[in-house]
Amino acid sequence: MNSETKSSPVLIFAAWLFVGIPAGWGVYNTVHNSMKLFQPPVAQPAQALPTK
Amino acid sequence: MPLLSFLDRDRTIAHPGFNRWLVPPAALAIHLAIGQVYAFSVFKIPLSQLIGITKSVDGDWKQSQIAWIFSLAIVMLGLSAALFGKWLESAGPRKAMFASAVCFALGFYISHVGVVTHQLWIIFIGYGIVGGIGLGLGYISPVSTLIKWFPDRPGLATGLAIMGFGGGAMIGSPLAVKLMAHFKTGTDLGVAHTFLVMGTLYFLFMMFGVFTVRVPAEGWKPANWTPSAKPSALITTHSVDVNTAFITPQFWMLWVVLCMNVTAGIGIIEQASPMIQDLFKGTIGPVAAGGFVGLLSLFNMGGRFFWSSVSDYIGRKATYFTFFSLGCILYFLLPYTGGDHMNSVVLFVAICAILLSMYGGGFATIPAYLRDMFGVYQVSAIHGRLLTAWSTAGVLGPLLVNYTREYQLAHGADKAGAYQTVLHIMAGLLVVGFISNLMVRPVAQKYWLPDSSAKIGNKTEK
């Protein structure tokens, strides 16, 4: 038997979407968090900061 | 067992017309799930306050005790990858992925019992040992399958999967935080329920990979692709079995390459947050440092895809040559970007980002390097054994960083000066990796399998 059934492009797109949505959510959260690096420091009342 | 016969290797052979781009999402489903291990630290504080709820009290577990759960899981990752790699080659990727999903989910369920009964040893067995075996099986399960599907771009294919492992923490961390917030009550921090839900969610997510993965039929190759008539001397057309590969000098040179690259990367990861605060006192506070750590994880993940894809064009040896030569210069320069010298936060962040991208790239490019050296025949099993370099680096890196730093501080060095010593030691480690990579030569003919002529598309396992 040599019948060739090509994988549907919709199926391939759906497969990538299935893993892409949670991955995208994770990346969004991380990018959002990393933006804090570029925010100007907020003046805080003097207190001992943890060094580690 | 007939019930589980759908997991058999011969039931996963792709039909003609199957699109190979369905395989990377299957691999990603496994790696995005097991990558959660890097987010385990979000449970550290809640696990240390299960009795006291708002603070640790007598009877609560100490954070130093809880830290062993992660360490145990990583050690088991390396051990199980080394032990079960050969079985995986004969059992096929679907069975290995299924076993990985069962172990990983079971790890969460057993840990649920450990939290409910407040027995830490049960969590050691659950997440640490059983879950750790799931990590090892899952990590190596898609590697040889991807290489067989993408003989034209093995770096890109394995990079895609291993990028998922880097990205897994980005999902696992916010997911755990949101679930614990959802289940939290006045008398319960919600950890036990979170373990149950995460075990179930990850199991279902991994099942997508289990049912989607396929191996190519014997002799399959991509349309319009023919292997190069004059391949690079460093890309073999022969095969070496895992036990023989283990005794070749090339295996141990690559072991040193991976170990040095990972140890140096840990030098940044281990101290990223305090380092940026100490080097830029008054400019960078704890919140911005948290953002810096997040940025590094993005570059760690992106580097896995970027560098492994680049390696398809420039070659694996040249890729590691870049890691070690550029890395050595950057590690040497890094301390001089601090407040006492150049005082450039931008330069410091940029250098760390490049270094972390090369750390991730080192993980993602090694499977393709192994395939170039030993052929595709038992590449997952060989990869599994090589991961013991990662376990070693996981112990060596933090030890080197912490003890060197403590020694420096105890002998009167200021904080910035202590970082300088540590980073320069990391640069030295990269020199060792550079030499080891430089010494890599093609595997000698005496190690080849007798009938291992070029079968790049596929080769049936014994």
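How closely do the axes of helix 10 and helix 17 of chain B come, and at roughly what angle do they cross? In this predicted model, the axes of helix 10 (residues 249–269) and helix 17 (residues 415–438) of chain B come within 8 Å and cross at roughly 160°. Because angles over 145 degrees count as roughly antiparallel, helix 10 and helix 17 of chain B are assigned a roughly antiparallel arrangement. Their crossing is left-handed. On the side of helix 10 of chain B, the contact is formed by M253(B), V256(B), V257(B), M260(B), N261(B), T263(B), A264(B) and G267(B). Helix 17 of chain B contributes V422(B), L423(B), M426(B), L429(B), L430(B), V432(B), G433(B), S436(B) and N437(B). By residue class, the contact of these two helices comprises 11 nonpolar and 6 polar residues, with no charged residue.

The fold of chain B as a whole was examined next. Chain B has 17 helices and 0 strands. Its C-alpha trace spans about 60 × 55 × 35 Å along the principal axes. The radius of gyration of chain B is 22 Å, which agrees with the value near 23 Å that a compact globule of 462 residues would have. Of the 462 residues of chain B, 54% count as buried. Among contacts in chain B with a separation of 6 or more, 83% are accounted for by residues 24 or more positions apart.

In the model, 30 residues of chain B are in contact with 28 residues of chain A. On the side of chain B that touches chain A, the elements giving two or more residues are helix 1 (23–34), helix 7 (154–183), helix 8 (191–212) and helix 12 (286–314) of chain B. Helix 12 of chain B gives the most to this side, with 10 residues. The residues on the side of chain B that touches chain A divide into 19 nonpolar and 11 polar, and none is charged.

One individual position was also characterised. H193(B) is located in helix 8 of chain B, an element that gives two or more residues to the side of chain B touching chain A. With 19 other C-beta atoms within 10 Å, H193(B) is classed as partly exposed, because a buried residue requires 20 or more. The C-alpha atoms of H193(B) and A318(B) lie 48 Å apart in space, and the two residues are 125 residues apart in sequence.

Methods: Residues are numbered from 1 along each chain as its sequence is written. Chains are lettered from A and ligands numbered from 1 in the order in which they are written. This is a predicted model: local features need pLDDT of at least 70, side-chain atom pairs count only at pLDDT 80 or more; totals for chains, interfaces and linings use all residues. Two residues are in contact if their C-beta atoms, placed from the backbone, lie within 7 Å. Helices (H or I, at least four residues) and strands (E, at least two) are DSSP runs, numbered from the N terminus. Ala, Val, Leu, Ile, Met, Phe, Trp, Tyr, Cys and Pro count as nonpolar, Asp, Glu, Lys and Arg as charged, and the others, Gly among them, as polar. A residue is buried if 20 or more other C-beta atoms lie within 10 Å of its own, exposed if 12 or fewer, and partly exposed in between; C-beta atoms are placed from the backbone. The radius of gyration is taken over C-alpha atoms; the globule rule is 2.2 Å times the number of residues to the power 0.38. Axes are lines fitted to C-alpha atoms, for helices over the stretch in contact, and angles run from 0 to 180 degrees between N-to-C directions. Angles under 35 degrees count as roughly parallel, over 145 as roughly antiparallel, 65 to 115 as roughly perpendicular and the rest as oblique. A crossing is left-handed if the near helix is turned anticlockwise from the far one by less than a right angle, and right-handed if clockwise.
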